[in-house]
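Visitor: Please show me the structure. I am new here and would like a guided tour.

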Amino acid sequence: MRAAAASADASAVLVAYPLGFDWMFLYWYWTRFTEAGSPFGHSRHLDLKSMYATKAGTPISRSTKRQMPSELLSDRPHTHNALDDAVEQAELFHNLVRWAGPPRRPSEGFGE
């Protein structure tokens, strides 16, 4: 991963939904059991739930997958298998990056 990031003159970023669920364990694991430590440093991570909330203009409490538009979600079943979940989250990330956000309603009462 580090070699791929270095060849692109980039840094690896962990993307997860929800990030808090995975980050603490993963960071502890990398710092405890690997010589190189975390490939993401201590802060190169992106929470997909927060990304959705920001783009949708909704509070975090209304940013669950059940409340997201279906076109953002993966068609894959959520199996709790690590590889399946990673692919599912990659598809959600891809869809969120491309998503322009919800349709905007015309402003009422502004500019009059």
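Guide: We begin with E88, which touches K65, S74, R76, P77 and H78, leaving aside residues up to four places away in sequence. Contact means heavy atoms within 4.5 Å. The model is predicted: local features need pLDDT of at least 70, side-chain atom pairs count only at pLDDT 80 or more, and totals for chains, interfaces and linings use all residues. Residues are numbered from 1 along each chain as its sequence is written, and side-chain values use heavy atoms, with hydrogens and water left out.

Visitor: In which helix does E88 lie, and is E88 buried or exposed?

Guide: Helices (H or I, at least four residues) and strands (E, at least two) are DSSP runs, numbered from the N terminus. By that count E88 lies in helix α4. Buried means under 20% relative accessible area, exposed over 50%, and partly exposed in between (1.4 Å probe, protein chains only). E88 has 10% relative accessibility, so E88 counts as buried.

Visitor: What is the volume of the largest pocket?

Guide: Rolling a probe the size of a water molecule over the atoms shows where empty space is left. On a 1 Å grid over the protein atoms alone, a pocket is an open set of points where a 1.4 Å probe fits, with protein on both sides within 12 Å along at least five of seven lines. Grid points are joined across faces, edges and corners, and a volume is the space filled by probe spheres set on the points. For the largest pocket, that volume is about 400 Å³.

Visitor: Which residues lie nearest the centre of the largest pocket?

Guide: Lining residues have an atom within 4 Å of a point. The elements giving two or more residues to this lining are β1 (14–16), α2 (19–33) and α4 (82–98). The lining has 16 residues, and those nearest the centre are Y17, F21, D22, D85 and Q89.

Visitor: How many residues of each class are in the lining of the largest pocket?

Guide: Ala, Val, Leu, Ile, Met, Phe, Trp, Tyr, Cys and Pro count as nonpolar, Asp, Glu, Lys and Arg as charged, and the others, Gly among them, as polar. By class, the lining has ten nonpolar, three polar and three charged residues.

Visitor: What covers the buried residues of α3?

Guide: Those buried residues are L48, K49, M51, Y52, A53 and A56. Their cover includes β1, β2 (45–47) and α4.

Visitor: Is A16 buried or exposed?

Guide: A16 lies in strand β1. Leaving out residues up to four places away in sequence, A16 touches D22, L46, D47, L48 and Q89. Its relative accessibility is 3%, so A16 counts as buried.

Visitor: What kind of aromatic pair do Y29 and F33 form?

Guide: Rings of Phe, Tyr and Trp (its six-membered ring) pair if their centres lie within 6.5 Å; planes under 30 degrees apart count as stacked, over 60 as edge-to-face and the rest as tilted. W28 and F33 are edge-to-face, at 5.4 Å centre to centre and 90° between the planes. Y29 and F33 are four residues apart in helix α2, so about one helical turn separates them. Their ring centres are 5.1 Å apart and their planes at 45°, so the pair is tilted.

Visitor: Where is H80 found, and what is its phi?

Guide: Most residues other than glycine have a negative phi, and most peptide bonds are trans. H80 is found in the loop between α3 and α4. Although H80 is not a glycine, its phi is positive, about 70°.

Visitor: Which form, cis or trans, does the peptide bond from Y17 to P18 take?

Guide: P18 sits in the loop between β1 and α2. The bond from Y17 to P18 has omega near -20°, and its form is cis.
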